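The following exercises concern the structure shown below. Each task is followed by a solution in steps.

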Amino acid sequence: SSLPRPPRTPIPSSAPGYSSTDLRATSALHDCLSNLDDAAEEICGSLKQMRKLGATGESRETFRFQMSNVQTWMSVALTNEETCTNGFRSGASGEAKAVYARAAEAKKYTSNAFALAKRRSRTCNLLFFY
């Protein structure tokens, strides 16, 4: 199940008291949080699929299909995190800077988990199916 998302408040093209930079940062924050939510859902899907691996009597095809799902979802999560960080300019400050830092850290963990999933797939294929 997905997390409830707060309604996205439209940002007028000329809001009083806000510069175009502030408006871009606010829009980037909204988009980034949405992308991070999607990434979290993909990672949860990967974890659920990983828990199903190794079921008794599992065929080679089933294992490959399940690992393909895991790798696809981890790749999509990584893409969502990358899209999030791409939305910020190098001069981000305040909340935008904090979100960027957290998203960049999440990308590292997701990248490592993705690499481990790919390695597990290769290792299991070598050990158990050949």
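**Exercise 1.** Locate Gln66 and state whether Gln66 is buried or exposed.

*Solution.* Step 1: Gln66 lies in helix α2, which covers residues 60-86; helices are DSSP runs (H or I, at least four residues), numbered from the N terminus. Step 2: the relative accessible area of Gln66 is 9%. Step 3: buried means under 20% relative accessible area, exposed over 50%, and partly exposed in between (1.4 Å probe, protein chains only); Gln66 is therefore buried. Step 4: the buried residues of α2 also include Phe63, Met67 and Val70.

The model is predicted: local features need pLDDT of at least 70, side-chain atom pairs count only at pLDDT 80 or more, and totals for chains, interfaces and linings use all residues. Residues are numbered from 1 along each chain as its sequence is written, and side-chain values use heavy atoms, without hydrogens and water.

**Exercise 2.** List the contacts of Gln66 beyond its neighbours within four places in sequence.

*Solution.* Step 1: contact means heavy atoms within 4.5 Å. Step 2: the residues that meet this condition are Gln49, Lys52, Leu53 and Glu58.

**Exercise 3.** Check the span of α2.

*Solution.* Step 1: the expected span is 1.5 Å times one less than the number of residues.

**Exercise 4.** Which element has the highest mean pLDDT, and which the lowest?

*Solution.* Step 1: pLDDT is the predictor's confidence in each residue, from 0 to 100. Step 2: α2 has the highest mean (87), and helix α3 (residues 94-128) the lowest (82).

Definitions and conventions
Helices (H or I, at least four residues) and strands (E, at least two) are DSSP runs, numbered from the N terminus.
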